[in-house]
Every structure is written in structure tokens, then in C-alpha cells.
Amino acid sequence: MGSSEGGCLTLQSYHLPQARKPERGSGVCKFAVRNTMAHLDSEAKEECLRKDLKFYFMNPCEKYRARHQIPWKLGLQILKIVMVTTQLVCFGLSNQLVVAFKEENTLAFKHVFLKGYPGIDEDDYSCSVYTEKDTYESIFFAINQYQHLMDITLGILGYGENEDNRIGLKVCKQYYKKETVFPSETLNTDSNIEIDCVHLDLQVLTKNPQDWKNTSFFRLEFYRLIQVKISFHLKSIYLQKIHSGELPGCYVFQNTITFDNKDHSGKIKIYFDSDANIEECKNLNISGSIQKNTQYVLVFDSFVIVICLASLILCTRSIVLALRLRKRFLNFFLEKYKRQVCNFDQWKFINGWYVLVIISDLMTIIGSILKTEIKAKNLTDYDLCSILLGTSTLFVWVGVIRYLGYFQAYNVLILTMQASLPKVLRFCACAGMIYLGYTFCGWIVLGPYHDKFEDLNIVAECLFSLINGDDMFATFAQIQQKSILMWLFSRLYLYSFITLFIYMILSLFIALITDSYDTIKKYQQSGFPETDLQEFLKECSSKEKYQK
């Protein structure tokens, strides 16, 4: 019994005083020491893991009390909110002026080049003609107005070069092949389309103002004519930006007048499209502080990019560290308790607010770069820049809810949204099937008899408005009473839709959210159900001891 094979554990368990203590350095004591050290090391790692988890799930105020470090990352986010909002407001004011300038120029072009333009578009087209005489007069009127544009316009306009580097008009007509005929009782058609174009240079229009009218090109055969398209480019300078301390913008308007006869219904629709592109202003000589103001704006945008880049790096770093911490916790839990952690606890390591901040930072950086290029007059795509900056600012302000969620009174909203979102999405998927059914039915049945049902997209918008109680009487009243059957069907259709969606589906939708709210309030009073992660964190030392 006293041999080394019995070991230290054997001696201790039988308490034999006669037994000789093993010599120092024997294998038995080394084995016991290793076990003891391994046990202590395991406990130290477990306690370290608990502390790391406890610190990770603290809010900035608790982290400040634990380490007494200034939450400079929180300060960075607050600074970013102020900077991004200021940038968006400045860009919005500038964009508003540019949009107004383009819209006013387009309206002026319609009045100048469209004969008899009433001032308001008829539908999705500007105006229409119904006779051959009016068609010829409208085409010739647009060409003559282009010829005398410098004498009649009120704006700062100039002639621009087209795709072929020529100054003038390009007139194209599309028609069915010449062998196609449309007799009164029979139809002999060829679906092939031919395109014929002619260039009317400005010099030709000036020297021979009437000769081009007598050419065979302008002898239109309306029975096979599909459309006539007149395209030309005009230059303009936007001077209003000088008053706001910016460089003036030079724009090229790509204008197209289309006489659409595809339907051959006796009505030719006239469309006017204008697309503005910015170009470099040449030979500008402007005195004052405009150049300095532009430089200040570019410096401010660069500072916004730096702030967002720093926020992006910090949030990405936090997510990477969180994933490493999750891996440590999963391995420890599997090793000690021999089972996997539930998915809910695993997803708690992925902070959705950090993901939202990363997306917002990426959009702000890209939008700021586009804004810088627009200020430098290298780009004119205000739409993409507006979408990026507007959406990023939306995400930034939504992220403020995260900090309000640290207070229990405000946290109810966030918890209710989190709890009700899965049920609401499943409910919307079911209700959406009924909604799509009503949309297709209304479009195909009521489309010929009601303006709000003539297009599938318009039908969806109309039904959504009815759900919110908007414009109900007008929807009922505008149905054309040409058919008693259709009138009765429209009443049955509208009454059933309003009753089903407002009194049943919408009430159930609100009930789902109310039920989640009541559940959250109950949990706040009696306590939330504890998961594996929360049970593990409860074993951690008290916060005061950890701070010490």
C-alpha cells in the first residue's frame, strides 16, 4: 500500500499514518498537481469567459462604470448623426434647386416646341392631334421653333451637338413595310418595321428655311406610320447656384418629341422627353468667394467619409470579436454540458444594430463620394446619390432607438417589434395572397370601366388606399354605368374587399401586435424566460465585485 502505485489519492482515502510519503518529484504527486492545475485552469477559463460575456452584453453606461473609460465610440456615433444629417440637408437644398431648374426648363421646352400645348399634360403624354393637318403643323412648328430658338427663348440656351457631332435636328420615322396595305375589309400586314432618318443641320435650316418641307421624307403615309421622332440637344447654364456660393452648372438637355401612332386609333399622342446631363463649363471667369465655398463643402464631405469609415471599422471589429466570443462559448458549453446552445442564444451574439450601422456607413461613404463628384461637375446622377444618402440617414436615425432601448420605458417598443415581427410576417404572407387575388380580379374585370383599375400597379395602390379609408366614395362613384352586370359586380367586389380587409384582416393584424405587447409587459413584471446563456451569466460574480 505504500508503493508509488497506490498513489497520493490512495493514501489520503485510507488515512494510513504508517505509509511513507512519496518522495518529492515522484510521478504520483506530479499527476495530482497536474490534475489540480488543470482544474484550476478550467475554472479560471470559465470565470474569464463569464466576465467577457458579461462585459460584452453591457450597455455603454455599464461599461463606463465597469472600466471608467469614456465611451468614445458612442460619441463617434453621435457625431456621425450630426454630420450625416447636416450633409443630407445641404445636399437636399442643392438638389431641390437643380430639380426645379430641370423641371422649369422642361416645361419651357414644351411651351416652345409643342404647338397648342395646354400647360398640363393630358395623361402620360403631353398633348395629342387628331387630323393629318394638325400632325404636319405640329411637326413643322417644332422644327421652325428650333430654327428661331435664339430669337424667342427667355432662357440662357444654346445649340448642342448630337451623337453624330452635328448641330441640328434628327428626324426619324418608323413605319411598316411599303407592301403592307390596310383595305377596308381585308388585312394584309407585315410585322417588319423600317426606320428612315434625316438630319436637318442648323445651317440648312437657316439658308433654306422652306425647302426641307417639300422633300419626300415629310410625305407621311399615315395608314402604315408607327411614329415620328424629333431629337435635338440644347445647352444651358444654371446660374442660381452662384447665389448659394457654388459654381454654376452647365447642362446639356437631350430632348425628344415623339408622335406616337402605334394604336392607329385616329389619335396621335405627342410625348416630350428631356434628359439633362452635366458637362464641364468652359471659359468661366467668376470673381468672389465661390471657389472657397466649394472647397469647404468638399472638405466637409471628406470629413464625413472619414467619420463613417472609422465607424465602419469599429463595428466590423466588434462583430468579429463577437463571433470569436460566440465560438469560445459554444466550445465551452459543448465540452462541459455535452450539448449545443440553442439558436436564440447563438443569434444574440450577432448585434443587428452593428449590421445596420455597417450598411448605413457603406451607403454614406458611397453617397458622399458621388456627392463630391457631383460638386466637381463630373456626375449628374442625383437620383442614385439621393437614394444612398437618404436611406443611410434613415438607418442612422433608426439606430438611435438602440440607445433609447437601454431605458425600460422605451425598450417596450423594441421588444414588441422583435416579438411580433415573425407572426406579422407570416400573417402578411397569408393576407397578401388574398390581396393579390383581389388585385388581379379588379384589374381584369373593372379595368375597362374605371380609371383606378386600368393598370395593375394602380389597382394595387387603389386597394391599399381603400384599406386605409382613403377616397372610398370616389372609387364607388367613378365606375362607369354602361353595364348593369359590371355595376353590380363592382359593388360586390368593393364591399367584400373593404369588409374583409378593414373589419377582419386589419383587426387581426392589430391584435397580433397587441398580444405581443401584453406578453412583453407581463414579462417585464414577472421576469423573462431564462435561456442557457442567461443561466450561465447568472453564475458570474456580482457587478460590484467585477468592477473592483
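Author: A residue is buried when its relative accessible area is under 20%, exposed when that area is over 50%, and partly exposed in between, with a 1.4 Å probe and protein chains only. The model is predicted, so local features are reported at pLDDT of at least 70 and side-chain atom pairs at pLDDT 80 or more, while totals for chains, interfaces and linings use all residues. Residues are numbered from 1 along each chain as its sequence is written, and side-chain values use heavy atoms, with hydrogens and water left out.

Reader: Why is Ser-392 called buried, and where in the chain does Ser-392 lie?

Author: Ser-392 has 0% relative accessibility, and because this is under 20%, Ser-392 counts as buried. Ser-392 belongs to helix α11, residues 382-398, where helices are DSSP runs of H or I with at least four residues, strands are runs of E with at least two, and both are numbered from the N terminus. Apart from residues up to four places away in sequence, Ser-392 touches Ser-360, Met-363 and Thr-364, contact meaning heavy atoms within 4.5 Å.

Reader: What makes a set of residues a nonpolar core, and which residues have the most contacts inside the largest one?

Author: The set must consist of buried Ala, Val, Leu, Ile, Met, Phe, Trp, Tyr and Cys residues joined through side-chain atoms within 4.5 Å. The largest such core has 50 residues, and Phe-113 and Ile-257 have the most contacts inside it. Once neighbours within four places in sequence are set aside, the contacts of Phe-113 include Phe-141, Leu-149, Phe-232, Ile-257 and Phe-272. A second, separate core holds 20 residues, among them Ala-431, Tyr-435, Phe-453 and Val-459.

Reader: How do you know that Cys-172 and Cys-197 form a disulfide?

Author: A disulfide requires two cysteine sulfur atoms within 2.5 Å, and the sulfur atoms of Cys-172 and Cys-197 are 2.0 Å apart, so the pair qualifies. A search of the whole structure finds one disulfide. The link of Cys-172 and Cys-197 is right-handed, with 110 degrees about the S-S bond. Cys-172 lies in strand β3 (residues 168-176) and Cys-197 in strand β4 (residues 193-201), so the bond ties together parts that are 25 residues apart in sequence. Cys-172, at 15% relative accessibility, counts as buried, whereas Cys-197, at 35%, counts as partly exposed.

Reader: Why is the pair of Tyr-136 and Phe-222 called edge-to-face?

Author: Rings of Phe, Tyr and Trp (its six-membered ring) pair if their centres lie within 6.5 Å, and planes under 30 degrees apart count as stacked, over 60 as edge-to-face and the rest as tilted. By this rule the count comes to 23 aromatic pairs. One of them joins Tyr-125 and Tyr-271, an edge-to-face pair with 6.1 Å from centre to centre and 70 degrees between the planes. The ring centres of Tyr-136 and Phe-222 are 5.7 Å apart and their planes stand at 90 degrees, so the pair is edge-to-face. Tyr-136 is in helix α5 (residues 132-147), while Phe-222 is in the loop between α7 (202-207) and β5 (225-238), 86 residues apart. At 23% relative accessibility Tyr-136 counts as partly exposed, but Phe-222, with a relative accessible area of 13%, is buried.

Reader: How do you know that Asp-361 and Lys-80 form a salt bridge?

Author: A salt bridge needs a side-chain nitrogen of Lys or Arg within 4 Å of a carboxyl oxygen of Asp or Glu. The closest N and O atoms of Asp-361 and Lys-80 are 2.7 Å apart, so the pair meets the condition. Asp-361 lies in helix α10 (residues 352-375) and Lys-80 in helix α4, 281 residues apart, and both residues are buried. The structure holds six salt bridges. Another of them joins Asp-515 and Lys-423 at 3.5 Å, N to O. Asp-515 belongs to helix α16 (residues 484-526) and Lys-423 to helix α13 (residues 408-446), so this bridge ties together parts that are 92 residues apart in sequence. Asp-515 counts as partly exposed at 43% relative accessibility, and Lys-423 counts as partly exposed at 27%.
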